[in-house]
Amino acid sequence: MERFNPLEKIIFKKGAFEDLANYLTTFNKVFIITSKTPNQLYFKALSGFLNDKNVVFSVCETTNLNDQEEIIKCSAKAAGYNCILSFGAGKVCDISKMVAKNLEIPLIVLPSTVIVPASSSATTV
């Protein structure tokens with residue numbers, strides 16, 4: 001049995017939005033999973049870079065649902081997309097990993113904060 005590795009790329013550096021937008025032009029449709037804080041603070045800038053590169057994308061903002069409900073909600077909305085962009089921290093990244101695994105599509109992680117490699121929610125992989 002071949003092991004599924006959903007991790008495609010991690011970007012965490014100055015100029016990440018522009019590099020990310022350039023990279024995402026290789027995908028037809030990108031599904032972005034984020035949470036309230038990065039969405040409010042940074043998404044306008046990120047979406048500007050994506051729009052400049054004509055990247056087709058849709059956004060799912062996580063809420064206070066439990067992790068399984070979030071995975072189901074985001075997986076249903078992401079059907080038909082060919083890449084998941086995780087834009088957030090721990091819980092967002094955990095949910096994104098599971099959605100990418102469920103749909104067997106690449107995952108790109110854009111952390112909004114430093115991520116500690118430890119269990120932080122029920123769906124940590």
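Colleague: Are Tyr-23 and Phe-27 buried or exposed?

Modeller: Tyr-23 and Phe-27 are both buried, a term for under 20% relative accessible area, with exposed over 50% and partly exposed in between (1.4 Å probe, protein chains only). This is a predicted model, in which local features need pLDDT of at least 70, side-chain atom pairs count only at pLDDT 80 or more, and totals for chains, interfaces and linings use all residues. Residues are numbered from 1 along each chain as its sequence is written, and side-chain values use heavy atoms, with hydrogens and water left out.

Colleague: Why is Val-30 called buried?

Modeller: Its relative accessibility is 0%, and the limit for buried is under 20%; therefore Val-30 counts as buried.

Colleague: What is Val-30 in contact with, leaving aside its neighbours within four places in sequence?

Modeller: Its contacts (heavy atoms within 4.5 Å) include Leu-24, Val-55, Phe-57 and Tyr-81.

Colleague: How many aromatic pairs does a search of the whole structure find?

Modeller: The search finds six. Rings of Phe, Tyr and Trp (its six-membered ring) pair if their centres lie within 6.5 Å; planes under 30 degrees apart are stacked, over 60 edge-to-face and the rest tilted. One of the pairs is Phe-17 with Phe-49, at 6.4 Å centre to centre and 65° between the planes, and therefore edge-to-face.

Colleague: What makes Lys-29 lie over the face of Tyr-81?

Modeller: The rule requires NZ of Lys or CZ of Arg within 6 Å of the ring centre and within 35 degrees of the ring normal. Lys-29 is at 4.5 Å from the ring centre of Tyr-81 and lies over its face.
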